[in-house]
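Subject: Structure for you to look at

Hi,

Here is the structure you were going to look at. Please open it first, then read my notes below.

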Amino acid sequence: MRSSGIHHVDLVVSSIERSLPFYTELLGPLGFHRVSEVEGERGETIWYVGGPGTTVGLREAQTPAAAEYDRYSVGLHHLAFEAPSRAHVDERAEWLRARGAQLESEPQEYTYTTGYYAVFFFDPDGLKLEIVHVPGLTAA
């Protein structure tokens, strides 16, 4: 039986041409292999990158940004993706470095819970993302 959880998260990005390759390449090694598209409520295309138990939707902004993204205002602070091992966290951090992505911190263990190992970084629009491995949890 499938557990209750987050079915999908939709993100608004400034450029699909830039963000779709970033997310598909970033998340592919974590099991996100399905890419599909649907029509949104305003006729826009939403690209869904599907993975183990959840999907990330990407849609291009239709309204100009009022200001630079501020994760401490109302909205999304950050989005974390589960990795099956520390090696996956390290490998994705290396992938990010090779592409010039901004890392907030190098992969390391945090005190949030025993064995919490993560890298924090930013997507092309400055949204904060995380790839995390916690022993005992499994990315299906």
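Start with Tyr-116, which counts as buried at 14% relative accessibility. Buried here means under 20% relative accessible area, exposed means over 50%, and partly exposed lies in between, with a 1.4 Å probe and protein chains only.

Two notes on the source. This is a predicted model, where local features need pLDDT of at least 70, side-chain atom pairs count only at pLDDT 80 or more, and totals for chains, interfaces and linings use all residues. Residues are numbered from 1 along each chain as its sequence is written, and side-chain values use heavy atoms, with hydrogens and water left out.

**Aromatic rings**

Rings of Phe, Tyr and Trp (its six-membered ring) pair if their centres lie within 6.5 Å; planes under 30 degrees apart are stacked, over 60 edge-to-face, and the rest tilted. That rule gives six aromatic pairs. Tyr-110 and Tyr-112 are stacked, because their ring centres are 5.4 Å apart and their planes are at 0°. Tyr-110 is buried, at 16% relative accessible area. Tyr-112 is exposed, at 54%. Tyr-112 also pairs with Tyr-116, edge-to-face, at 4.8 Å between centres and 90° between planes. Tyr-110, Tyr-112, Tyr-116 and Phe-120 make up one aromatic cluster.

**Helix α1**

Helices (H or I, at least four residues) and strands (E, at least two) are DSSP runs, numbered from the N terminus. Helix α1 covers residues 16-27, twelve residues. The expected span is 1.5 Å times one less than the number of residues. For α1 that is 16 Å, and the end C-alpha atoms are 16 Å apart, which agrees.

Which residues of α1 are buried? They are Ile-16, Ser-19, Leu-20, Phe-22, Tyr-23, Leu-26 and Leu-27. Down the axis of α1 they fall within an arc of 165°, so they line one face of the helix. The arc is taken from the directions from the helix axis to the C-beta atoms.

**The sheet**

Two strands pair if DSSP finds at least two bridges between them. Four strands form an open, mixed sheet in the order β1-β4-β3-β2. The edge strands, β1 (8-13) and β2 (34-39), each pair on one side only. Strands β3 (residues 45-50) and β4 (residues 55-60) run antiparallel and are joined by five bridges. Ile-46 has Arg-59 in β4 as its bridge partner.

Helix α1 packs on this sheet and touches β1, β2, β3 and β4. Contact means heavy atoms within 4.5 Å. The direction of α1 makes about 165° with that of β4. Axes are lines fitted to C-alpha atoms, for helices over the stretch in contact, and angles run from 0 to 180 degrees between N-to-C directions.

Best wishes
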